[in-house]
Amino acid sequence: MPKIFTANLIDEHNRSQRIAVEDDYDALSRKFARQNIDIASITKAAEKFSIAVPSWGVGTGGTRFARFPGLAEPRNIMEKLEDCAIINQLTCVTPEVSPHFPWDKVDDLSEVKDKADALGLSFASINSNTFQDQQGQDHSYKYGSLTHVDKETRTQAIAHNLDCIEYGKILGAKSLTVWIADGSNFPGQSNFTHALESYLSSMREIYGHLPDDWRIFIEHKMFEPAFYSTVIQDWGTSVLCAQELGDKAYSLVDLGHHAPNVNIEMIVARLIQFKKLAGFHFNDSKYGDDDLDSGSIHPYQQFLVFNELVDAEQRGAEGFDPAYMLDQSHNVTDPIESLMNSAMSVQRSYVQALLVNRDKLKDYQMSNDALLASNHLKSAFETDVSPILAMARLNTGGAIDPITCYRSANYRQNIANARPAIAGGGSGIV
Ligand code: RM4
Ligand code: MN
Ligand code: MN
């Protein structure tokens, strides 16, 4: 752990804010008491909440126009883990890191595992990358990977996914997330049916190598880098493939991968109902796969997604075990700050969704009271649960205000010499 984040620094920060937080928490607990809401159990649930950080998210992102490196960026997986540890230390909600291969490949992955252990981190889903060529690779992915018309290229892409499973075993992960960039830019360029058949046959082979206690997550995306069609374009194709593959295959929802204005919370409900929800890549967007910070554009949508998740959690929906991860690109902010802010934003949506009185909502629905049903959800969303989140962090050893605490430590400036600037940086663009 980088030394500047000593318990002392956090304690000192918390001492200066503690009284205000306790005051606000008491006021909120009195309000909740009037509404018969038990603030203690909600605080406990907030403490248990967790969301994985993507290893590539701690690097500065980029667009297809430019990439503007930040100060003291992590240069490799070891340094990325250090940044991830700070995020977790201050927010106490991100104990897991989701790695991306080959971006995070090193000769001896057991060193990565040891480093993570030492930092109190573990590994979430392994992400495979067959959307760009690596040096020395035999076959190019220019025209696709798992669905390429050429069998040898498909075989190479399958082999990479099998390698990812092996990497995951060393790291202690339990799932593989597959997103392919395969698709077409011109009508007629690709045969939709053949491409999906190839996909299924490639995925069957990967699926066959999954350890018994592993799951495979299928991530769909409507466009980009292919702009006319993608092979796994939407949740319909994703869930059909998951059903074809078997019980260990699930459909993953990246919030930015849908057509504008799609009702994502409804997709979530459907996937839960058919026991096929893998989990999420949280981010936010205005236009497409913008990869903006979670909750920065459509916080109500994020709340409505959690309204479905909490509903499923509370009714004990069968097979419900979603994996939460952030998947963002940070171009104008310090990635550590953005990831902390986003993790807390997602945690906030979860806590707000816990405030919904399910019986009351059901009564409104059964009596066709559209207005009060909507108002009930709105009032949960409009409740400022900041004191609960702050108290949860205080109780679990985090910082009351992670951003202020982080800024007070001058982390980047202090490590700038140890981390000289890197040129390019392949893992920036998500
Ligand atoms: C994609 C997708 C994947 C991520 C890559 C980097 O758009 O969201 O989840 O692995 O970007
Ligand atoms: Mn994603
Ligand atoms: Mn994406």
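Throughout, buried means under 20% relative accessible area, exposed means over 50%, and partly exposed is whatever falls in between (1.4 Å probe, protein chains only). The structure is a predicted model, where local features need pLDDT of at least 70, side-chain atom pairs count only at pLDDT 80 or more, and totals for chains, interfaces and linings use all residues. Residues are numbered from 1 along each chain as its sequence is written, chains are lettered from A and ligands numbered from 1 in the order in which they are written, and side-chain values use heavy atoms, with hydrogens and water left out.

Start with the metals. Donors here are N, O and S atoms within 2.8 Å of the metal (3.2 Å for Na, K and Ca), and sites may look incomplete because water is not among the atoms. For the manganese ion (ligand 2), the protein supplies Glu219 (OE), Asp254 (OD), His281 (ND1) and Asp327 (OD), at 2.1 to 2.2 Å. Its six donor atoms make angles of 71 to 168 degrees, and the site comes out as octahedral, a label given to six donors if opposite ones are over 155 degrees apart and all others between 65 and 115. Along the chain, the donors are spaced as E-x34-D-x26-H-x45-D. Glu219 sits in strand E8 (residues 215–219) and Asp327 in the loop between strand E12 (323–326) and helix H10 (335–354), so this pair links parts of the chain 108 residues apart; helices (H or I, at least four residues) and strands (E, at least two) are DSSP runs numbered from the N terminus. Glu219 and Asp327 are both buried.

The manganese ion (ligand 3) lies 4.0 Å from the manganese ion (ligand 2). Its protein donors are His257 (NE2) and two entries for Asp289 (OD), at 2.2 to 2.8 Å. His257 belongs to the loop between strand E10 (249–254) and helix H8 (264–273), and Asp289 to the loop between strand E11 (277–282) and helix H9 (299–315), 32 residues apart. Again, both His257 and Asp289 are buried.

Twelve residues surround ligand 1, the closest being His100, Glu219, Lys221, His257 and Asp327, where being near takes a heavy atom within 4 Å.

Two loop residues are worth a look. His220, in the loop between E8 and strand E9 (229–230), is buried because its relative accessible area is 0%. Ser329, in the loop between E12 and H10, is buried at 9%, and its side chain makes a polar contact of 3.5 Å with that of Asn331 (a pair of N or O atoms within 3.5 Å; within protein, one must be able to donate a hydrogen and the other to accept it, and residues adjacent in sequence count only if both atoms are side-chain atoms).

Finally, the backbone. Asn410 has a positive phi of about 50 degrees although it is not a glycine, and it counts as partly exposed because its relative accessibility is 39%. A cis peptide bond joins Glu224 and Pro225, with omega about 5 degrees.

Note on methods:
Tetrahedral: all angles 85-135°; square planar, octahedral: opposite > 155°, others 65-115°.
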